[in-house]
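Student: Can you walk me through this one? I'd like the confidence, then the sheets, then the helix packing.

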Amino acid sequence: MKTAKILFWLFFMSFFSSSLLFSQELLINHVNIITMENDMVLEDHSIYVKDGVIMEIAPEEEISVAGIRTLDGRGMYIFPGLAEFHAHIPPPEQFGPEFQEEVLWLYLANGVLRIRSMLGHESHLALKARVESGEIKGPRMFISGPSLNGTSVTDPEAGRAMVRAQKAAGYDHLKLHPGLDTPKFLAIADEAKKIGIFYGGHVSMDVGLVTSLTNGYRSVEHIDGYLEAMITDKSKLDPTKSGPFNMLSVGEVDKNLLPGLIKMTLDNKAYVAPTMTLFERYFGYQPAYELRQQPEMFYLPGQLVTQWFNTKTQLESSGVLAEEKVKPYLDFRKALFLELHQAGVPMLMSSDSPQVFNVPGFSIHREIESMSDAGMSNYEILKTGSVNCAEYYAQGGEWGVLKPGAAAEFVMVQKNPLEDLTTLEKPQAIMIGGKFMQRDELQLQINLIRQKYIRQ
């Protein structure tokens, strides 16, 4: 079987010219299809796509389309691809516009076909338009506006004005950061609901999880709002003593409060972006010097990786990241994640990238590993990066699934990801925006990025 696959791909790479790779019409035969409408595999099927849309999925003999190119996908599996729903497209002033485009390639090369960018900049809107027009390659994007926080929002009316301005500019989402007081938050929430734009983010301490959920928070980022809501003595939430994200206060949690918070989350149709790997790497006890040497770090500017190293080593020097302090918190987060999931709270695949030691695209596979370690099934993990994300934007059935009429966005892998999640780490091809790109093209692009940032 291994030899047959190698021969197939040698044939595939030699046969498919650049004109075919950018064809708007393609029929793939003898492929195993995971539609994500359920946890079944359609074995030995064909999928016909045209102009970026799935036209038909059926056994090969039932699809008859004359005059188009075909691909034999024998032995391969396709699924709708992954979404990273807590991404950060860099601003152009960080390392230049080229770095923005490099980040997009890192997502694509890892099978990430959709992102929700959670720290907006006006350049992101133009970048999104360039991707949608086909001028540059990249995942489909949902863009948040600039941060609404205790500093940027000077008073409730200023908050309302920022909401209106971001909606008018074309942003898809509002990102809230800490520091908002309740009057500012309520003004933002009210205005957002009036004009119809989703909002979510961190839970400000003064506002709290209950007020956030009952006033329309679409997504709770990082889970930690739940931890804080289960600590009744708020004096324990002193960041000078309780550490980053109040991680050292986990022993103060009253778990009896969780069922009520879960019911409130479900009643208000909120989603959770857990970002498990961010906390395991940024605030975990694995040393910064080990993380710095991991292979994916060499796809980024050395200056950025050094910044991350310095940030984490400062925390390590303070003693806050000692294993005996951090492990109870990380264990709590995994248990909380699983309990929320098992209760039916919809999870969004999210790693927070680029962020300290989370490299775009690569960090999603680490997030997948973390969700699996916590006890989530392979199918449910795939849902967090497909079906759930589409439903988050009320676009269920339009993408994130493979069926006639849905977007022709999918990733081809060698093994069944319902049985082996590690196969997701090496996409053999992707289909996005009506374009079919094979692994050698994806690998070439990220090899060029790595070569650019070779460090001694």
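Tutor: What follows goes through the model in that order. It is a predicted model, where local features need pLDDT of at least 70, side-chain atom pairs count only at pLDDT 80 or more, and totals for chains, interfaces and linings use all residues. Residues are numbered from 1 along each chain as its sequence is written, and side-chain values use heavy atoms, with hydrogens and water left out.

Student: What does the protein chain average in pLDDT?

Tutor: The average is 92, and 95% of the residues score at least 70. pLDDT is the predictor's confidence in each residue, from 0 to 100.

Student: Where does pLDDT stay under 50?

Tutor: Over residues 1-23. The model has 29 contacts beyond four places in sequence for that stretch, a contact being heavy atoms within 4.5 Å. Where pLDDT is low, the predicted coordinates should not be read in detail.

Student: Okay, sheets. In what order do the strands of the open sheet run?

Tutor: The order is β6-β7-β8, three strands with parallel pairing. Strands are DSSP runs of E, at least two residues, and helices are runs of H or I, at least four, numbered from the N terminus. Two strands pair if DSSP finds at least two bridges between them.

Student: Which strands stand at the edges?

Tutor: β6 (82-87) and β8 (140-143). Each has a single partner strand, so one side of each lacks a neighbour in the sheet. On average, neighbouring strands here are turned by 15 degrees against each other, direction ignored.

Student: Does α4 cross α19 left-handed or right-handed?

Tutor: Left-handed: the near helix is turned anticlockwise from the far one by less than a right angle, while clockwise would be right-handed. The axes of α4 and α19 (residues 439-452) come within 9 Å and cross at roughly 135 degrees. That makes the two oblique. Angles under 35 degrees count as roughly parallel, over 145 as roughly antiparallel, 65 to 115 as roughly perpendicular and the rest as oblique.

Student: Which residues make the contact?

Tutor: They include Trp 105 and Leu 106 of α4, and Leu 442 and Ile 446 of α19. By class, the contact has 7 nonpolar, 1 polar and 4 charged residues. Ala, Val, Leu, Ile, Met, Phe, Trp, Tyr, Cys and Pro count as nonpolar, Asp, Glu, Lys and Arg as charged, and the others, Gly among them, as polar.

Student: What about α6 and α7: at what angle do they cross?

Tutor: Roughly 30 degrees, with the axes of α6 (residues 156-169) and α7 (residues 182-195) within 8 Å. They are therefore roughly parallel. The crossing is right-handed. This contact has 7 nonpolar, 1 polar and 7 charged residues.

How values were computed. Axes fitted to C-alpha atoms, helices over the stretch in contact; angles between N-to-C directions.
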